[in-house]
Amino acid sequence: MSSTTPQSNNTSSRKRKAPIAGNNHRPHKYARLNNARKISSQTSDKAFSEGNLNVDKFVKAREYEIKALEDGLRKSKAVLSQRAFQDVPKDLRRRTASHNVKWIPKRLRPRAAKEMVEDNTPTVTARRRKPSTHQRLRLETAKRLQKLSVKSKERRQEKKAQQSEAEVKVSVEGEEPKQASPALSVCKPRVKMATLKTAPIPKAKFKKRQIHKTWLPTHLWHSKRAHMTPPKEPLWRFALPLTPTAKCYRTTHRATTQRGAVAWDMSYMSTIGLDGPEKSIEGLLKALGVGADGDGSGAWGKSGLKWRQGTRTWEGWLHEREEWPAKRIAPATVIWNAKTQPEEDVLVAKGEDAPPNKSKENRKVSIRVHPAGFMQLWEQVIRLGKVQKPTVTVEDLRFEIGSIEISGPNAAEALVGILHPESLAKGGTDMGNLDGAHDIWHYLSNQSPSSLPPNILLAFEASDPRLRHPPRTIQSPADLDTQKRIRQICTTWPLDSNPRPATLFERSNRLKSQRSLPSQKSINRRKTLADPGQYPKSRPNDPKIPTLVFASRGNTATAGTWTILLPWKCIEPVWRSLMYYPLAIGGSVRFGGVREKRQIAFESGSAWFPGDFPGTKAGDEWELQEKVKRKAEWEKRPKGRRVEWDSLDLGMGRKGEIGTGWACDWQILGPKPTEADADVKEIFFESLPRSFAAQLVAGKSTESIHPPHALITVEITMITKGVPQTCARIYRLPTANIDLRAKWLAQVPTPASKRPSVKKAPTLRRPGADAPLAEHKGYAAALIMVATPSQVGSADYPPVPDEDDLIGFVTTGKFNLGEGKGSGIASLLLEKVVVPNTLVSGEDHTALKKEHTLCIVRDAGQSIGRLAKWELAL
Amino acid sequence: MVRIKHRYLLINILYPSKAPNFSTKDDIPDVIQFRAPTPDNFETGVLLRMIKEGVNELYGDYGLGMIAGSLKIIYLSAPTSTAIIRVSRDHYRLVWTALTMATRLPKPVDLPCVIQVVRTSGTIRKAEEEAIRRAKASIVRSKQSAQTNGSVGIDILRDFNLVGRYHQPSPAPNIRDGPTNHDSSESEVQID
């Protein structure tokens, strides 16, 4: 209870000055604390006056004690050293709130102010904080640069003034000055086709930081709230948010499956524009493997009609030229722009009997692809475009079109809440007529991609979301009439019968919208002029942001995703509105990084490109990158604390990890190098399309496996316990050692073995010869009863199979919040898991077929294998 | 941040032989005699000295050194013969043994006794809650035994056998709704 020494008051080096003598709160505080923690007690003399011990007094003494203790509990809780800012909900806490009461919610401010005085915490504002050494250096440099720039500006202005003076003189001497054209017509810029675009030139201030990478349009927003890629290691040549700074693993899971929404700025996705006659584009896309797995009825048949009309999207894998099913590049979304409709015939859209001049009209297609596969695809597309007759012009739209993805149960609500179609913004909609996307847009607020027709596409022009900032929660339609209308829309989908071209495909529209975005300053001015509680009125020259929205269904009901494509510079205002949209269920839209994207894919049991697709160029590069990281992590640890791969005991006299411990070592899956050929060639693996692989796996396809060394992507589900980790080794059931196979099969839990064995089974005793028949029967049944699976760690737990039975590696593995247990995404070598043809022809092989999908998963560096089941992943 | 971790021992002082210094009539129930009040001259200093001497006797200077820094009496109530003792988490067993081995309260009191550690907990709060629970239980029990004319009931034996952290089932249903009786560990009660 000693107060701080007053001598140190004058020493300026102390960070916190000792409290002023008159205003000394600290001793008071400790006295209060001490007081509150004291528990009162009686004396025995008082409790038992006259030394009498009887029941009454005994009870009285206890009652006093109870009261004293309860009082003590309450008092000590009241003075618990909880600061005011600790009462703020976790996700609203700010670090600065502990230095400045201004950052604390108003309700808690007086208490916080009092506490700050008591604790002698100085109030700190960023403006008045003394800059650190490093900061000071930067500030000084900035000041110097500012001075220089001011000087040079002055010089430039002087020069300009001199020039204009000279010009005026000339014009006065000569004829009349030319009249400026009244309307500045936008000069149509010549766009170089088939060349790679460079990123937009950043502001001088940020130029140096973007030398080897590009920033997302929302970089400044993200860099304050997320862990970004390290400066020297950009991902796919972008500075990307990896994961939000706040812990969010579980909340992301909840927001995407139960309530809320998660959004990503996906502007790093690459877009390629194609322009040419429909036949040529069709040839190009077919060569890339679009619709190759269907037998005529797919993308190019009747069911693909809506897609080609431009009212639906197509999502799937693209391959290298004419290489299907090999040489996969990346999953992509292909969107056709609808034809411009002549005024007179609306019927044309429905039938195939288009007038002849129609076919000559150029169509536009955009391909949206992951940047990891962009360069590979770009080369293919360029070459294919030239081959077509007539040729297809190819344009790189990478930094012209950006995108935002949003998924979760309330995703549509947030989108509808912030994007307002222009015609809607101008006036009310005509209820009877629902032919444009802008008419049905606001009916979609309660829908999810899986409740709507598959792969829908909506194109409209949205107003500037900054004019309606902060966004307000929209009212969900409640009346029966609207409900009925929504049902009608979902079933008939009126957009299909009336395809309209999307303005986003036109370069001039994109540029116009970007250039006409008003400055924040002018928007603020308009907001101040607006009536209180009203949004500013729209003006005729407000930007119309060309927007393309499409929905993609996931493989579970909630895994659907909405994607909005916007001009690059319009991403930022839309993103800022999206992040502040108050959802009807409470809270706002969360944001995610690359890791969250991967997490969502993993939890819905689908593979994530490129990480889960070894056997594609992008996937192999990813693995190479990860391998280096894992190796560095391993090497960082001291020797005693890292896994010694060589001394790993795999049982049955086998020692050492198979392949490199920190990698998914695909090369060891190939044929063993013999002594003869010393120079081992690197094997290239091929990732196979799912539909194609499914036929091969089932043994339905009679052709031999093509290509060799094919990999299939599978989902691993643990049968017993265990959580597979990345790089875990996967074995099939032992093929050579029959005993071991039987042992592993005994590990499959049967309904009998699942029952918890509370009591030990009584020892079996053979019934006597004169025992009743039932007893004999029971004995026989007990003899053949399935043995309970042996426990991990016990002596009879089966060791893992041999290296010959190694079939693949886990590429993503962890605890799956969706499943409630461990699961993984893995790739397997197809040759080793195909059902032999001989089996397929036989009739009763159901048991064998079941065994065929069983596998054994062993984490790298561990000797224990665990039983799992695999099935083809999406 | 490093946190100094403690254990809080809740102890009861029991008088199995004879109630000390208090005039007792013969019809006083055994429950009450057993848990008779301690004389007032048993103060925190006396308890501390007793523990230190006990530890010193059993473990020598080493033991004393280990506990001396952290030993503190948080609560001592003579009329109910209850105390809460704080000791560092690593060495609380030294104190526990010293308390168990004690057979007499030291000089100014000088009475034969048994000291029972009824609960060890990591927080004062839990020790206090347990003390409240036990006080409530003992009120009920003393009233019951007064009605049954002070025969040595099974309650005492049960109470005596309660060791360490095991909770005792509350004998009467009416105090079950007390704030501290919701512990899940109630099912773990062992009476052997």
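Throughout this tour, two residues are in contact when they have heavy atoms within 4.5 Å of each other. What you have open is a predicted model, where local features need pLDDT of at least 70, side-chain atom pairs count only at pLDDT 80 or more, and totals for chains, interfaces and linings use all residues. Residues are numbered from 1 along each chain as its sequence is written, chains are lettered from A and ligands numbered from 1 in the order in which they are written, and side-chain values use heavy atoms, with hydrogens and water left out.

**Stop 1: chain A as a whole**

Of its 874 residues, 44% count as buried, meaning under 20% relative accessible area, while exposed is over 50% and partly exposed is in between (1.4 Å probe, protein chains only).

Now colour by domain, with bounds that come from an automatic or database domain assignment. Domain 1 is 270-341 + 361-399, domain 2 is 403-425 + 432-528 + 539-588, domain 3 is 617-673 + 682-747 + 798-872, and domain 4 is 762-788.

**Stop 2: where domain 1 meets domain 2**

Show domains 1 and 2 of chain A together. Their centres, taken over C-alpha atoms, are 26 Å apart. Here 23 residues of domain 1 are in contact with 25 residues of domain 2. The two domains of chain A bury about 2000 Å² between them, 53% of it on carbon and sulfur atoms; buried area is the accessible area (1.4 Å probe) that two parts lose on being put together, summed over both. On the domain 1 side, pick A:Thr311, A:Arg312 and A:Arg368, which lose the most area to domain 2, together 29% of what that side buries.

How many salt bridges are there between domain 1 and domain 2 of chain A? The count is 4, where a salt bridge is a side-chain nitrogen of Lys or Arg within 4 Å of a carboxyl oxygen of Asp or Glu.

**Stop 3: charged pairs to click on**

Next, go to A:Asp496 and A:Arg312, which meet in a salt bridge at 2.5 Å, N to O. A:Asp496 sits in the loop between helix 16 (480-492) and helix 17, and A:Arg312 in the loop between helix 10 (305-309) and strand 7 (313-319) of chain A, so this pair ties together parts that are 184 residues apart in sequence. A:Asp496 is buried, at 10% relative accessibility, and A:Arg312 is buried too, at 9%.

Then select A:Glu400 and A:Arg510, a salt bridge at 2.8 Å, N to O. This pair links parts of the chain 110 residues apart: A:Glu400 is in the loop between strand 10 (393-396) and strand 11 (401-407), and A:Arg510 is in helix 17 of chain A. Are these two residues buried or exposed? Both A:Glu400 and A:Arg510 are buried.

For a group of charges, select A:Arg83, A:Asp87, A:Arg111, A:Glu115 and A:Asp119, which are linked in a network of salt bridges.

**Stop 4: a proline in a loop**

Select A:Pro518, in the loop between helix 17 (507-515) and helix 18 (520-529) of chain A. A:Pro518 is buried, with a relative accessible area of 16%. Not counting residues up to four places away in sequence, A:Pro518 touches A:Asp464, A:Arg466, A:Ile523 and A:Pro543.

**Stop 5: the nonpolar cores**

A nonpolar core is a set of buried Ala, Val, Leu, Ile, Met, Phe, Trp, Tyr and Cys residues joined through side-chain atoms within 4.5 Å. The largest one has 56 residues, and those with the most contacts inside it include A:Trp236, A:Trp307 and A:Leu377. Helix 12 (residues 374-387) of chain A gives the most to this core, with 6 residues. Domains 1 and 3 of chain A both give residues to this core, so it lies between them. Apart from it lies another core, of 46 residues, among them A:Ile418 and A:Val574.

**Stop 6: chain B**

Finally, bring chain B into view. 33 of its residues are in contact with 26 residues of chain A. Chain B and chain A bury about 2600 Å² between them, 67% of it on carbon and sulfur atoms. Pick B:Asp40, B:Tyr75 and B:Pro79: they supply 21% of the area that chain B buries against chain A, more than any other three residues. The count of salt bridges between chain B and chain A is 0.

Definitions and conventions:
Helix = DSSP H or I, 4+ residues; strand = E, 2+ residues; numbered from the N terminus.
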